[in-house]
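Here's a quick briefing to read with the model open beside you.

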Amino acid sequence: MAIAKAERLMNLALCLLGARRPLSKRELRDSIEAYVEAARPEKGGSGSDDSFNRMFERDKDDLRELGLVIETVENLDGEVGYLARRDSNRLPPITLDAEEAAALGLAAKVWQQARLAGAASGALQKLRAAGLPEEVDPYEGHAALEPRIPVHEAAFEPLMLACRDRRPVLFDYRKASAARPEPRHVEPWALECWRGHWYLAGFDRDRGAERVFRLSRITGRVRSRGTGFTAPVPDVVTVRETVAGWAGETADRSALIRLRSGAGYPLRAKAAKVRELGDGWDELEIPYGHGLDAWLVEFGPDVVVVEPAELRADVVDRLRAVAKG
C-alpha cells in the first residue's frame, strides 16, 4: 500500500510539473493509471467521483506538505485546473560557509535519538538538493562528542504541535507534593530541555497565571481543547530561567539538610559544603530558592531539613499532603 501511494504521488507530481497548461481533475484522472485503476469496479474500485475526489485531494495535500507548489487556476469557462510550475518549484542555490554547514549537521545529529529524527532527516535532504555540500555528514561517527536530546515522554509531540499551532490543551499533571494527578487546562507557549528534562511553559487557565510543567509528570493523553489563546504570549518565553529559579539555581540563601549516606547524588552535586555525621548520615549546605521544598520531598526519608525553619515546615506540609492522598 505504501509503495502504491508513493508511486501515485510521484506520477501526479510528474504530471503537474510536465504540463504546459493547468490540468483539470478529469484530465488528471484519465492520465494517471492509479486513478484509472481505482475507478474500475472489477479492480476493486468504487468508480464514483466522490471516491476519486477524496483520493485526489489527499494526494494534492500530501504533495504540498512535501514542498511542491501547486497552483489552482480557473479558466474562462469556470473549470478549475492544477499546475506545478517548474520555476516555482526550483530551489535557489544555497551558499553556506563551513561554520553554518557544521551547525546544520550538528542540529540534525542532535535530533537523531528524538521524535524529530524524521523531520531532521527530511530537512537535511532538502538542503542537500538545494546545494548543501556533500562533505557535511552529520551522521559520521568520528566526533569526540555525540550530542543527543532524549525525548521519551509521550506528551512531547502533541505539545510541540500545540505550541506551533497556538492550540490550548488539557492534560493530567502530578505535582511532586501530590499523590494524584490533577487536570490542567493550559495555553502552551514553548518547550525547552533543561538538565536532561523537558519542560512546558504556558498560561494555566484555571489558575490564571504562567506556569511551567515537567513533561515526565504529565500522565495520560494530551487533549486539544478549543481554539485561540486568551492570554498574550510573551515575546521571550524564559522556560529555563523560570525552572532554574524554582529549583534554587538563582538562590541567594542556603539551607542545611541531613542526607542519608549513599543517597541524593543530585543534592550532593549542588552542595557548597558536605560534612560526615556518622551513623549513615551527612550534613549538606545547599542553595535555597523557590521550589526547593518540592525537590526535597522527592528524596523522601533520605532527607531531613535542619534549617531554616520555614523550609522545614514547607517540606513537612508537603509530606503530610502526600500521606493524606
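**The big picture**

The protein has an accessible surface of about 19,400 Å², and 52% of that belongs to carbon and sulfur atoms. Those areas come from the Shrake-Rupley method with a 1.4 Å probe, and for residues only the protein chains shown count as cover. Keep in mind that this is a predicted model, where local features need pLDDT of at least 70 and side-chain atom pairs count only at pLDDT 80 or more, while totals for chains, interfaces and linings use all residues. Residues are numbered from 1 along each chain as its sequence is written, and side-chain values use heavy atoms, with hydrogens and water left out.

**Overall make-up**

- You'll find eleven helices and twelve strands in the protein; these are DSSP runs numbered from the N terminus, with helices being H or I of at least four residues and strands E of at least two.
- Out of 325 residues, 35% count as buried (buried is under 20% relative accessible area, exposed is over 50%, and partly exposed is in between, using a 1.4 Å probe and protein chains only).
- Looking at contacts (heavy atoms within 4.5 Å) with a separation of 6 or more, 56% are between residues 24 or more positions apart.

**Strand β6 and its partners**

- Strand β6 covers residues 197-204, and seven of its eight residues are buried, so the rest of the structure largely encloses it.
- On one side, β5 and β6 run antiparallel and are joined by eight bridges (two strands pair if DSSP finds at least two bridges between them).
- β6 also pairs with strand β7 (residues 209-214), again in the antiparallel sense, over six bridges.
- G202 in β6 has P188 opposite it, and G202 also stands opposite R211 in β7.
- β6 and β7 make a hairpin with four residues between them, and G208 in that turn has a positive phi of about 65°.

**A190, in β5**

- A190 sits in strand β5, which spans residues 182-194.
- Setting aside neighbours within four places in sequence, A190 is in contact with C163, Y199, L200, A201, V237 and V239.
- R164 is 26 residues away from A190 along the chain, and their C-alpha atoms are separated by 8.6 Å.

**E283, in β11**

- E283 belongs to strand β11 (residues 281-288).
- Is E283 buried or exposed? E283 is buried, because its relative accessible area is 14%.
- Beyond its neighbours within four places in sequence, E283 is in contact with L256, I257, R258, K273, V274, R275 and L277.
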